[in-house]
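Subject: Structure for you to look at

Hello,

Here is the structure I said I would pass on. Please open it first, then read the notes below it.

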Amino acid sequence: MRLHVFTRTISLSLWTSLLVLVLASAVSTYAQYTTASIGGNVTDPSGAVVPDAKVTIKNTETGFEQTGHTNDRGTFLFPSLPVGVYQLQVEKAGFSTYVQDRITLAVNQSANQSVVLKVGEMTEKIVVSADAELVTTRTSTVGQLVDEKRVVDLPLNGRTVQSLVFLSAGAVDVTDRYCGLGCHGGVYPGEQQAAISGAGPGGVNYQLDGVSHNDTYLNTNLPFPNPDAVQEFNLQSTNITAEYGNAVGGTINIVTKSGTNQIHGTAFEFLRNGSLNARNFFAPVHDSLKRNQFGGSVGGPILKDKLFFFGTYQGTRIRSAAEGQIQFVPTEAERRGDFSGLLPDTQLADPVTHDPFPNNQIPDAQISPVAKYFLQYIPLPNGPGRQLTFTGPSVVQTENQFMPKVDFISGNHQLSGRYFFTDFKQPPKIDKANVLAATDQGNAVRVQNVAINYTYTFSPKFFLNTWFGWNQQ
């Protein structure tokens, strides 16, 4: 029996006013569900701190910019920055302007960048163009980043990004060791059970753009968006910060892609077909697998430097039936009760009266009507003896997934809204011509996830982070 499950979760995580002191010290922790932070200290060539230096951080892909000043200890901090590539600029009268390009910030990263200003005119610029080597000194959390390059370049069976979780140290795939995914209906394909740092598979908290992305029935992951839609994800496994609950072994933070000032897009088609495969030795013909996975993504600006869009779609169609299935079935004579060809030296007898059946032929009136009924749906042998070679259960799977996302940045405002939809269907199949090829593996699951994130920076000393999440399965 299959049990279909309906769950709905509204995580109104209106943790209104995570009023975070961002400049008083550079050792505090901050809520970074979808963001990163960067801080550091500014000194002169002698090592003395440089207070009240103007520090500007700018996203080179979207134009998002924030400005602050170093405190009396020469430190600065930007606690909530969208993931991406940044430029850091430091200015102070009497010193040359310092510019650091190609600073890549990842989700949950607490980066530290030390700056040494050289004596000179502010109109002079010292530009460092090499990739910045950022050191994390403001948090003891241990995590593993799976960035866009790994998501795109590594081979993924079925384009299931969630399988990359097991690249992290201490993460073990125990999906096949528990009955959770195999013993229940209503489970979305691609859900997996991960044991992290020795904790059980129910101790992992999945977050998609800052909101819950957990199957609340089995406490596993819901499907990740397709690889063209995932920017990166981070697995925190040790010393997880306080804002993450429901996590004994680890927290997995997934960030989806956003649009930039440049229009970017992809299109893909992946094909697997039985006609291209070698024939099963026992099968009379090639298998009938037809697997198509297709779609694309596009992102770009609506208003340059302010409003951006991103969208993606992936469709999957699978049609297959295993060839070369073998069973042994009664012959035509045996279905009529004639067992004279079976064990000729053995005499069959009536199990009630113990009277022998002449010529080992059972009268039609004594054959079970139930057996007669089912035998009409079982083909006759088509091979030697009682051997029946047939095509196995027909598998028909259909999946549709799409995700629109909009980002708005203006001054002190950061607003992001995203809707993720994925739907899977596999109807059960009963072939009346051959009941041996029937399957009860029917499934129909739809997942929807909404995330809205809003950050407002009141001043260089504190900001407000508010988010809303809605999850339906």
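What percentage of the 473 residues in the protein chain is made up of buried residues? Buried residues make up 47% of them, where buried means under 20% relative accessible area, exposed means over 50%, and partly exposed is in between (1.4 Å probe, protein chains only).

Two notes on the source. This is a predicted model, in which local features need pLDDT of at least 70 and side-chain atom pairs count only at pLDDT 80 or more, while totals for chains, interfaces and linings use all residues. Residues are numbered from 1 along each chain as its sequence is written, and side-chain values use heavy atoms, with hydrogens and water left out.

Overall form

The protein chain has 3 helices and 28 strands; these are DSSP runs numbered from the N terminus, with helices being H or I of at least four residues and strands E of at least two. The radius of gyration is 32 Å, well over the 23 Å that the globule rule gives for 473 residues, so the chain is more spread out than a compact globule. That radius is taken over C-alpha atoms, and the rule is 2.2 Å times the number of residues to the power 0.38. Along the principal axes, the C-alpha atoms fill a box of roughly 115 × 40 × 35 Å. Of the contacts (heavy atoms within 4.5 Å) with a separation of 6 or more, 69% are between residues 24 or more positions apart.

Salt bridges

Side chains of opposite charge can pair when their charged atoms come close. Searching the whole structure gives 8 salt bridges, each a side-chain nitrogen of Lys or Arg within 4 Å of a carboxyl oxygen of Asp or Glu. Among them are these:

- Lys257 pairs with Glu148, with the closest N and O atoms 2.9 Å apart. The pair links distant parts of the chain, 109 residues apart: Lys257 is in the loop between strand 19 (250-256) and strand 20 (264-273), and Glu148 is in helix 1 (residues 148-153). Lys257 is buried at 13% relative accessible area, whereas Glu148 is partly exposed at 31%.
- Lys149 pairs with Asp153 at 3.0 Å between the closest N and O atoms. Both lie in helix 1, 4 residues apart, about one turn of the helix. Lys149 is exposed at 58%, and Asp153 is partly exposed at 49%.
- Arg446 pairs with Asp423, the closest N and O atoms being 2.9 Å apart. Arg446 is in strand 27 (residues 443-459) and Asp423 in strand 26, 23 residues apart. Arg446 is partly exposed at 42%, while Asp423 is buried at 9%.

A residue in strand 27

Asn449 is also found in strand 27. Asn449 is buried, with a relative accessible area of 0%. Its C-alpha atom is 5.1 Å from that of Phe420, a residue 29 positions away along the chain. Leaving out residues up to four places away in sequence, Asn449 touches several others, including Leu208, His213, Arg418, Phe420 and Trp470.

That is what I have on this structure so far.

Regards
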